Amino acid sequence: MSGERCLCGGGDVVIYSCSGAANVGQIANQAAVELTQEGVGTMNCAVGIGALVSGMIATGRGSRRIVAIDGCPLKCLKKVLEKVQLEPSDYILVTDLGIEKTIGSRSFTREQVVKVKDEVVKSIKLEAQRI
Ligand code: SF4
């Protein structure tokens, strides 16, 4: 790997998740992983943005759409992206979907992950219709 280039992916649709330790952060992470596996976009390293890795910031800036999935109202991911002027085109807050944050628990259900993924896809499709 040369310099600060990230080989995790990027391109047309980049997907970030807060990947926090709470259940809702883990749901955000799992949704981002699966959306990547399903070809909706490519997950990239949010923590790399927080570390101000230039190549990773460039990947975000070079992406047509920026999907951001935050776990809870603390909105850690959104704050990290704002620090480098990356504005999500599609912003999903897991707790806004009726999924409760459970302190000290990282367990989640299949239905919760699907709910978040569906919300991302819906957001992307809605925006595509506006163009
Ligand atoms: S947004 Fe919430 S779940 Fe995500 S990292 Fe921050 S505190 Fe944790």
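In helix H4 (residues 76-83), the buried residues are Leu77, Val80 and Leu81; buried here means 20 or more other C-beta atoms within 10 Å of a residue's own, exposed means 12 or fewer, partly exposed lies in between, and C-beta atoms are placed from the backbone. These three cover an arc of only 95° around the axis, which puts them on the same side of H4; the arc is that of the directions from the helix axis to the C-beta atoms. An α-helix has 3.6 residues a turn, so residues three or four places apart point the same way. On the face of H4 turned away from the buried side sit Lys79, Glu82 and Lys83, which are exposed.

What covers the buried residues of H4? Strand E1 (13-17), helix H2 (46-50) and strand E3 (65-70) are among the elements that do. Gln85 has a positive phi of about 55° although it is not a glycine, and it is exposed, with 9 other C-beta atoms within 10 Å.

## The model and its layout

A word on the ground rules: this is a predicted model, in which local features need pLDDT of at least 70 and side-chain atom pairs count only at pLDDT 80 or more, while totals for chains, interfaces and linings use all residues. Residues are numbered from 1 along each chain as its sequence is written.

The protein has five helices and four strands, in the order β-α-β-α-α-β-α-β-α from the N terminus. These elements are DSSP runs numbered from the N terminus, with helices (H or I) of at least four residues and strands (E) of at least two. Of the 131 residues in the protein, 40% are buried. Among contacts with a separation of 6 or more, 71% join residues 24 or more positions apart; a contact means C-beta atoms, placed from the backbone, within 7 Å.

Helix H1 (residues 23-37) has 15 residues and should span 21 Å at 1.5 Å a residue, which agrees with its end C-alpha atoms being 21 Å apart; the expected span is 1.5 Å times one less than the number of residues. Its buried residues include Ile27, Ala28, Ala31 and Leu35. After H1 comes Gly39, with a positive phi near 85°.

The largest nonpolar core has 33 residues, and Ile27, Ala28, Ala31, Val67, Ile69, Val94 and Val116 touch the most other members. H1 gives the most to this core, with six residues. Such a core is a set of buried Ala, Val, Leu, Ile, Met, Phe, Trp, Tyr and Cys residues joined through C-beta atoms within 7 Å. Leaving aside neighbours within four places in sequence, the contacts of Val94 include Ile27, Ala28, Ile69 and Val116.

## Around the ligand

Which residues are around the ligand? They are Cys18, Gly20, Ala22, Val24, Gly25, Asp70, Gly71, Cys72, Leu74, Lys75 and Cys76, where being near requires a C-beta atom, placed from the backbone, within 6 Å. This shell divides into six nonpolar, three polar and two charged residues; Ala, Val, Leu, Ile, Met, Phe, Trp, Tyr, Cys and Pro count as nonpolar, Asp, Glu, Lys and Arg as charged, and the others, Gly among them, as polar.

Ser19 lies in the loop between E1 and H1. Its phi is positive, near 50°, and Ser19 is buried, with 20 other C-beta atoms within 10 Å.

Terms used. Two residues are in contact if their C-beta atoms, placed from the backbone, lie within 7 Å.
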